[in-house]
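Hi everyone, thanks for making the time.

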Amino acid sequence: MKLRATFIGFTAILMWSFLALFTAASGKMPPFQLSAMCFAIGSVPGLVVLILKPSRLTLLKQPAKVWLTGIAGLFGYHFLYFTALRNAPAVEAGLIAYLWPLLIVVGSALLPGERLRWYHVAGALAGLCGTFLIVGRNGIDFDGAYAVGYGAAFLCAFTWSGYSLLTRRFEAVSTDVVTGFCLATSILSFFCHLGLETTVWPATGFEWIAVIGLGLLPVGAAFYAWDYGVKNGDIQILGAASYAAPLLSTLILTLFGFAEPSWRIALACLLVTGGAVLAAQEMFRRKSGLRPAAAE
């Protein structure tokens, strides 16, 4: 059960790796408009399930803390991420924001029934180094003039890691509530769009397909898969494996001609893959019937 849930959680990471490609192909829509449209699309599968199985509507009746956590996680993360990109260079902002997998691995030690091992931290740090090679491929230059953007990026990392860790504490709550989180995020993003942006619609059919793809996968199904994975799977392994997203994203962009292959990608691949395997060694040992020495 735990292995299956961890695998489902990892599919969210795979879907997030297509985020950059689909976003690049979606045209020039402003971020909050794109977020509003994609989260609206992402809520459709959940709404279909609720329509076909009305009895599941009762699963949406949850305490206020569940709704506040979910909406703050999905909307808060994207609001802070877009704020960071508006007020700081994308490279530095992206690198800071992607501290969340490391924060998940370290923070998981505070969860009931979890123990932080040296290989969890080592695997997460290896993934962080691999991410640094990918995100910082054009150089890093932190400038105090971008303090607001850097601060938003840090809050972004803490918001998503906090959401993921708190979600684990709501393991009895059905993943059906993610439908409500997506709808609420879509509505809040829509109001942000009205107040901050000018509407720009996709110019071609291909751009519309990219927007729909974003809504169905990276900004849709991925959140349902992640919710199920962190609630029922190995959150430490998922945290370390999350560093695969920027690597896979870069590989996909390279495959489609949006980026050039380089030694950085090869080295990052070794660091991210090796870090994920290292962090997952306890699961491998359990599957083979062995116990890790560190657990003694």
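Let's start with a term: a salt bridge is a side-chain nitrogen of Lys or Arg within 4 Å of a carboxyl oxygen of Asp or Glu. Before we use it, some housekeeping: this is a predicted model, where local features need pLDDT of at least 70, side-chain atom pairs count only at pLDDT 80 or more, and totals for chains, interfaces and linings use all residues. Residues are numbered from 1 along each chain as its sequence is written, and side-chain values use heavy atoms, with hydrogens and water left out.

Okay, how many salt bridges does a search of the whole structure find? Two. One of them joins arginine 56 to aspartate 176, with the closest N and O atoms 2.6 Å apart. Arginine 56 sits in the loop between α3 (31–52) and α4 (64–87), and aspartate 176 in the loop between α8 (147–169) and α9 (177–196), so this pair ties together parts that are 120 residues apart in sequence. Those helices, by the way, are DSSP runs (H or I, at least four residues), numbered from the N terminus.

Are these two residues buried or exposed? For that we need relative accessible area: buried is under 20%, exposed is over 50%, and partly exposed is in between, using a 1.4 Å probe and protein chains only. Arginine 56 is partly exposed at 29%, while aspartate 176 is buried at 10%.

There's also a salt bridge between aspartate 227 and lysine 231, at 3.0 Å from N to O. Both lie in helix α10 (residues 205–232), and being four residues apart, they are separated by about one helical turn. Aspartate 227 and lysine 231 are both buried.

Now, the rings. Rings of Phe, Tyr and Trp (its six-membered ring) pair if their centres lie within 6.5 Å; planes under 30 degrees apart are stacked, over 60 edge-to-face, and the rest tilted. That rule gives us 22 aromatic pairs. Take tyrosine 81 and phenylalanine 82: their centres are 6.4 Å apart and their planes are at 55°, so we call the pair tilted. Tyrosine 98 and tryptophan 100 make a tilted pair as well, with 5.4 Å between centres and 55° between planes. Tyrosine 98 is buried at 15%, and so is tryptophan 100, at 3%.

Methods
Helix = DSSP H or I, 4+ residues; strand = E, 2+ residues; numbered from the N terminus.
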